[in-house]
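I opened the notebook to look up a few helices, their surroundings and what the record says about them. The entries below follow the order in which I checked them.

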Amino acid sequence: MNMAAFLALVVAVLRFIQLKPKVLNPWLNISGLVALCLASFGMTLLGNFQLTKDEEIHNVGTSLTFGFGTLTCWIQAALTLKVNIKNEGRKVGIPRVILSASITLCVVLYFILMAQDIHMYAARVQWGLVMCFLSYFGTFAVEFRHYRYEIVCSEYQENFLSFSESLSEASEYQTDQV
């Protein structure tokens with residue numbers, strides 16, 4: 001479960017970076033990032049605190065994951081339709097709206113079933129909800145294929161020379177002693 005939380009966090013940051021130069025009002029993009037970060041934190045709580053040991057914390061994680069996850073889906077669907085990357089906004093946005101609606105329906109149904117203590121059917125709805133979330137995150141592949149992300153890590157040095165460059169420079173300045 002923690003791996004899923006980490007991957008959701010990676011998707012959140014990549015999506016934020018992808019949309020940052022394209023949105024006019026950044027508050028929607030920032031709120032999408034914050035919502036998915038909180039959903040990732042909820043997934044971490046779900047993974048680390050089992051239902052049988054710490055039911056309260058597990059249920060808080062469930063609420064965070066499903067609540068902020070649903071909010072994230074709606075925010076990202078709106079951003080997709082608004083930004084329209086490479087004129088694929090409708091092709092990706094309409095399935096995201098449909099998936100967001102089904103996720104919302106599943107969340108409402110899940111909490112209704114839990115309130116009525118019908119745990120067996122609530123668990124089934126929960127698994128359906130997870131499958132909808134996974135399908136939703138799969139739709140990001142359509143827009144991520146247009147971008148290339150690189151991580152560059154270097155230390156600033158004024159006269160940085162590689163080993164081979166320093167050897168070639170040293171051989172230029174040596175005189176033959178034969």
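I began with residues 93–113 of this predicted model, where I found the chain to be 100% helix and 0% strand, with the end C-alpha atoms 30 Å apart. I then turned to residues 125–142, which come out as 94% helix and 0% strand, with 27 Å between the end C-alpha atoms. I had picked both stretches from the UniProt entry, which is unreviewed and places the feature "transmembrane region" at residues 29–49, 61–81, 93–113 and 125–142.

Next I looked up helix α4, which runs over residues 89–115, and noted that its 27 residues reach 38 Å from the first C-alpha to the last, close to the 39 Å expected at 1.5 Å a residue. After α4 comes Asp 117, for which I read a positive phi, near 60°.

Which residues of α4 are buried? I listed Gly 89, Val 92, Gly 93, Arg 96, Leu 99, Ser 100, Ile 103, Cys 106, Val 107, Tyr 110 and Leu 113 as buried. For the packing partners of these buried residues I recorded α1 (2–19), α3 (55–83), α5 (119–138) and α6 (140–144).

Key: Residues are numbered from 1 along each chain as its sequence is written. This is a predicted model: local features need pLDDT of at least 70, side-chain atom pairs count only at pLDDT 80 or more; totals for chains, interfaces and linings use all residues. Side-chain values use heavy atoms; hydrogens and water are left out. Helices (H or I, at least four residues) and strands (E, at least two) are DSSP runs, numbered from the N terminus. The expected span of a helix is 1.5 Å times one less than its number of residues. Buried means under 20% relative accessible area, exposed over 50%, partly exposed in between (1.4 Å probe, protein chains only). Contact means heavy atoms within 4.5 Å. UniProt positions are given in the numbering used here, feature names are shortened, and annotations may be inferred rather than shown by experiment.
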